[in-house]
Every structure is written in C-alpha cells, then in structure tokens.
Amino acid sequence: MVNSRFNTDTEFATFKDHVRNQFQPLGTLDKRLSENLNFLIKNSKDFEEGTPTSERFLFVVGPSGSGKSFTLRHHFKRTPAFQPFINAQGKEVKPFLSFEAPNKFASRDILATILEKMGLPNQGSENTLRGVLRTQIPKSGLKFLHIDEAQHAIRSNTPKTLQAFQDAIKSLVKIDDWPLHVILSGIPTLSALRTTDDQILRRSNSVAIRPVTVPADAQYVLTAIKTVAVTHCGLTLDPNLETEEFAGRLCASCGGAWGYMIEVVQNACFLAIENNREMLKVSHFAHNYRMKHGCRENENIFTAPGEFWRKLVPANAHADMGA
C-alpha cells in the first residue's frame, strides 16, 4: 500500500497523471490565445467567401517551462474547427495537424515531416516535396498546421538557414485557392523567424507569454496553489501558503515560468499525499527544492530567513529558459 488513500502504486500513478493533466489558466493569456485562434478560423472561412486577410501565421512565444505547449494543446482539443470529421463522401478529414520539430531541423525537413505526419511518402528534393504538398494539402483538407519547438529550425542562427526556413513556410500559405494557416510555437529565439522577414511579419499575429511576477500576478499564483492542492488533490492549505510572500518565493523558485510553477505545486502535493498528510505545507515545497538543488537550509528559497530569499536565484532552476 502506497498510503491511506491509494491501495497500489498504480492507483497513485493514475491519480498523479490525472492531476498533471488538469489545466490551470493564467490571467488573460487564454483569452488572447482564443481570440487569435478564432481569427485564424474566421480568416479560413473568409477565404472561401473571397474576403480573407493576408494574416496566415500565428506565433506563440514564451520561455521554456512557461506552459505554452500544454496551453496550446488544451485549446486545440476544445476548438471544434480543429477536430476530425466525416465529409459528404464518407471520408475522414483531418483539418488540423500538430507536431514537434526535431532538434535538427532544416527547411527540407519541415516539408518531409508534414508529409510523414499526413501518412504520405516524403522522399525527394526540397522542390519535389513542395510540389507534392501543394497538391496533397488541399486534397487532404488540412487547413491548420501547428509546429511546436519551431526554434529548432533556426538553431544555427545563420542568415541562410533562417531564410530557407522562412521560404519553406511561406510556400505553404501560398498554395493556390487553399487557406492553410500556420501556428508556430517556441522559445523567444523563434521571434527572429518573424521579425527578420517583412512578409511573415506583415502576415502574422503574435502571442507572447511573459514570466509571472509577484506582486503583479500574486492572485493568479495563489489561486493556482489552492486549485491544485484543494480541488485537484483534496488537501487543505497551511495558512502560510496563502500569503503574497509565499507566492513570491514560489515564483522566484521557478524563474517565473508558469508551467514549471504548476508542476512544483503538484509535486509538493504528491509528496504530502505520499506521506499521509492531509495538509500541504511549506515544508513539502522546501523538501523538493532541497532535493532538486542540493542547497543548504539558509539557501533554500522556501525557508531562507527574512528577505534573503529575494537574493537567491537557483543556479539550475531554469537554465534552458533561452536555450
């Protein structure tokens, strides 16, 4: 028996998986994302009426751990226009395709990967693949394409590599008589793909996910703690967790990364449950922080005395924020 709430490790694992899959919104971010996704959908419909705008790209940019991928998946699942359907001929149509860019990703690779994800042959030169896609995308009914971690395409950061990828994605939205729209998400370096090409800049909208800060976002942080601990995990809260100071310590421990912050709260709850505790306390956060960073007690953001915690920046809290 794992603890008094779960009979087996499997039951506890299933519970944790359920909790991790719960969505926790951040301020107006979800409204802005919904507005931009609805714009793409409306523009696709306007295309059929002959009155679209040229804005076919959406960039969603935020630091690693900010929760952008999880947030996007949440919205994609709940957007009717992105769901498969059966057409009048009885054939399944998938209007939406999403994939994560591999670490090594050149302009030809994006074209080959799209064909692969569509279940089609993907061999040949870059020009050949472009030609195939220009034919197959309209035949398949694909209208919305999402590429996550798209900054991998410009990892080398050379002008030639950048321009080649820009040309590749522009070719996708120039298919005659077909309204393909492209969503690109990634860390801030992805912005170079947009800002260094006048055509893409003019034809795109953008959503930037900023780091969470306290006191500005204290209420969102405190609400998230309560939702995860009480609503999702069935725990009570130590009053010390319901203060702006604790929200600040939590925020600092995660470098302001919202997605990472939610994960830290979830892991603290799992520790409390595993130890048969009914109340979530500061000690649960401090224990996990100490395990992660190997710090001394007075260097632990959650237990450091007075205002000293404000000077503590975890050496490896989020080293890949701009990687």
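Contact here means heavy atoms within 4.5 Å. Helices (H or I, at least four residues) and strands (E, at least two) are DSSP runs, numbered from the N terminus. This is a predicted model, in which local features need pLDDT of at least 70 and side-chain atom pairs count only at pLDDT 80 or more, while totals for chains, interfaces and linings use all residues. Residues are numbered from 1 along each chain as its sequence is written, and side-chain values use heavy atoms, with hydrogens and water left out.

**Helix α4 with helix α6**

- Helix α4 (residues 107-117) packs against helix α6 (residues 159-172) at about 35°, and their axes are 7 Å apart. Axes are lines fitted to C-alpha atoms, for helices over the stretch in contact, and angles run from 0 to 180 degrees between N-to-C directions.
- From α4, Ser 107, Ile 110, Leu 111 and Ile 114 meet Ala 164, Phe 165, Ala 168, Ile 169 and Leu 172 of α6.
- The contact of α4 with α6 has 8 nonpolar residues, 1 polar and no charged ones. Ala, Val, Leu, Ile, Met, Phe, Trp, Tyr, Cys and Pro count as nonpolar, Asp, Glu, Lys and Arg as charged, and the others, Gly among them, as polar.

**Helix α2 with helix α3**

- The axes of α2 (residues 29-49) and α3 (residues 68-77) cross at roughly 50° and come within 11 Å.
- The two helices are therefore oblique to each other; angles under 35 degrees count as roughly parallel, over 145 as roughly antiparallel, 65 to 115 as roughly perpendicular and the rest as oblique.
- The crossing of α2 past α3 is right-handed. A crossing is left-handed if the near helix is turned anticlockwise from the far one by less than a right angle, and right-handed if clockwise.
- Asp 30, Leu 33, Ser 34 and Leu 37 of α2 meet Thr 71, Leu 72, His 75 and Phe 76 of α3. By class, this contact has 4 nonpolar, 3 polar and 1 charged residues.

**Helix α10 with helix α11**

- Helix α10 (residues 244-253) and helix α11 (residues 258-274) have axes 9 Å apart and pack at about 115°, which makes α10 roughly perpendicular to α11.
- α10 and α11 cross in a right-handed way.
- In α10, Leu 250, Cys 251 and Ser 253 meet Tyr 260, Met 261, Val 264 and Val 265 in α11. This contact of α10 with α11 has 6 nonpolar, 1 polar and no charged residues.

**Second largest pocket**

- The second largest pocket holds about 410 Å³ of space.
- Its lining has 17 residues, and Glu 92, Val 93, Lys 94, Met 118 and Ser 140 lie nearest its centre.
- On a 1 Å grid over the protein atoms alone, a pocket is an open set of points where a 1.4 Å probe fits, with protein on both sides within 12 Å along at least five of seven lines; lining residues have an atom within 4 Å of a point. Grid points are joined across faces, edges and corners, and a volume is the space filled by probe spheres set on the points.
- β3 (92-93), β4 (96-100) and α5 (126-140) each supply at least two residues of this lining, and α5 gives the most, with 3 residues.
- By class, the lining divides into 8 nonpolar, 4 polar and 5 charged residues.

**Backbone features**

- A cis peptide bond, with omega about 20°, joins Val 214 and Pro 215. Pro 215 lies in the loop between β7 (204-208) and α9 (218-232).
- Glu 149 has a positive phi, near 55°, and is a residue other than glycine. Glu 149 is placed in the loop between β5 (144-148) and α6.
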